[in-house]
Amino acid sequence: MKFKDKVTVITGGATGIGLAYARRFAKEGSAIVIGDVRDEAGADAVKALRESGGRAAYFHADVTKRQEVAALFQGAMKAFGRVDCCIANAGIVHDSGFLDLEEEDFDRVMDVNVKGVFLTGQEAARAMIATGKAVPDWRGGVIINIASTNAVVVQHGQVAYPVSKGAVNLLTKVMAISLADDGIRVVAIGPGPTRTEMLDNVIKSHPEFMKNVSLRTPLRRPAEVDEIAGVAAFLASEDAGYITGQTIYVEGGRLCLNYMMPERP
Ligand SMILES: NC(=O)c1ccc[n+]([C@@H]2O[C@H](COP(=O)([O-])OP(=O)(O)OC[C@H]3O[C@@H](n4cnc5c(N)ncnc54)[C@H](O)[C@@H]3O)[C@@H](O)[C@H]2O)c1
């Protein structure tokens, strides 16, 4: 119970890896506040967390809209009285070649993946500073931004997504330095391909995908969502108390690998 009595806000927490963070942090004792645009999935997530004995709330919050992000953190403070951790996880992808990418699709990806992380970080930090004033034994806050291996290596057919994730890495450094004196650590996680429903569908329609993952990943497989959530739980804990400004890549060795792994013997 690493996070007993603590409160964690997760954007994009209704599905995918976001939901895995919610389950893991709830298991460690944290109350969970999910902000998402998929209201039905959000309500289902909260129901499941409560049925497993957790404290949880859902708010509709489009991370590109200042008022909705502010309302998410006000909702968390009202429901549970504090904010200790925030995972800025909401993110979108848009497939397109460089010459074909429409301006509005570039803007849409940057809006969610960069501006959304900025607005979330600002409102999270304000709620954490308010928590510090209201809760005498507050031990500091942690903001975890979700980047990607695409922040440092680029995938053919992706333009705005890697640019946005590179920006998340730099925003993490900016926030870490800006918020250090407020007792807030800011870190990022850069997952490699991770086994969500979406990836399972890609695997079904493109069976060669797993072979490519195996040749480009020393550990020969995508991550499981719980492996990403476990790293988030470590980064949010006091065991990671001297880590700030860093992006931790959870990618099965992919970023170390030049060329490809041999075919499996
Ligand atoms: N799955 C992977 O392989 C992988 C790899 C690297 C990084 N990531 C990153 O992890 C994060 C989660 O990815 P996922 O695979 O779980 O994706 P997902 O599509 O399953 O989940 C993303 C969630 O974000 C929500 N969302 C989208 N736009 C939003 C908005 N404007 N405001 C609020 N919520 C919004 C969606 O409704 C959804 O619930 C993303 O930032 C993604 O870029 C994923």
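**Figure 1. An open sheet of 7 strands in a predicted model.** The strand order is S3-S2-S1-S4-S5-S6-S9, and the pairing is parallel. Strand S3 (56–60) and S9 stand at the edges. Each has a single partner strand, so one side of each is left without a neighbour in the sheet. On average, neighbouring strands of this sheet are turned by 20° against each other, direction ignored.

**Figure 2. The pairing of S1 with S4.** Strand S4 covers residues 85–88. S1 and S4 run parallel and are joined by 4 bridges. Which residue stands opposite Cys85 of S4? It is Thr8.

**Figure 3. The whole chain.** The secondary structure comes to 8 helices and 9 strands. The radius of gyration is 18 Å, close to the 18 Å that the globule rule gives for 265 residues, so the chain is as compact as a globular protein of that length. Along its principal axes, the C-alpha trace spans about 55 × 40 × 35 Å. Of the 265 residues, 43% are buried. Among contacts with a separation of 6 or more, 72% join residues 24 or more positions apart.

**Figure 4. The shell around the ligand.** There are 28 residues around the ligand. Which of them come nearest? They are Gly12, Gly16, Ala90, Gly91 and Ser148. Three helices each supply at least two residues of this shell: H1 (16–27), H4 (103–134) and H6 (197–205). H1 gives the largest share, 3 residues. By residue type, the shell divides into 13 nonpolar, 12 polar and 3 charged.

**Figure 5. Ser30, a buried loop residue.** Ser30 sits in the loop between H1 and strand S2 (31–36). Is Ser30 buried or exposed? Ser30 counts as buried because it has 29 C-beta neighbours inside 10 Å, and the cut-off for a buried residue is 20 or more. Lys2 is 28 residues from Ser30 in sequence. In space, the two are 8.2 Å apart, C-alpha to C-alpha.

**Figure 6. Asp5, with a positive phi.** Most residues other than glycine have a negative phi. Phi of Asp5, however, is near 70°. Asp5 lies in the segment before strand S1 (7–11). Asp5 is partly exposed because 15 other C-beta atoms lie within 10 Å, a count in between the cut-offs of 12 or fewer for exposed and 20 or more for buried.

**Figure 7. Tyr259 and Pro262, in the segment after S9.** Strand S9 covers residues 247–250. Phi of Tyr259 is near 50°, a positive value in a residue other than glycine. Tyr259 counts as exposed because it has 7 C-beta neighbours inside 10 Å. Pro262 counts as exposed as well, with 7 C-beta neighbours inside 10 Å. How many residues lie between Pro262 and Ser214 in sequence, and how far apart are they in space? They are 48 residues apart in sequence and 9.3 Å apart in space, C-alpha to C-alpha.

Definitions and conventions. Residues are numbered from 1 along each chain as its sequence is written. This is a predicted model: local features need pLDDT of at least 70, side-chain atom pairs count only at pLDDT 80 or more; totals for chains, interfaces and linings use all residues. A residue is near a molecule or strand if its C-beta atom, placed from the backbone, lies within 6 Å of it. Ala, Val, Leu, Ile, Met, Phe, Trp, Tyr, Cys and Pro count as nonpolar, Asp, Glu, Lys and Arg as charged, and the others, Gly among them, as polar. The radius of gyration is taken over C-alpha atoms; the globule rule is 2.2 Å times the number of residues to the power 0.38. Two residues are in contact if their C-beta atoms, placed from the backbone, lie within 7 Å. Two strands pair if DSSP finds at least two bridges between them. Axes are lines fitted to C-alpha atoms, for helices over the stretch in contact, and angles run from 0 to 180 degrees between N-to-C directions.
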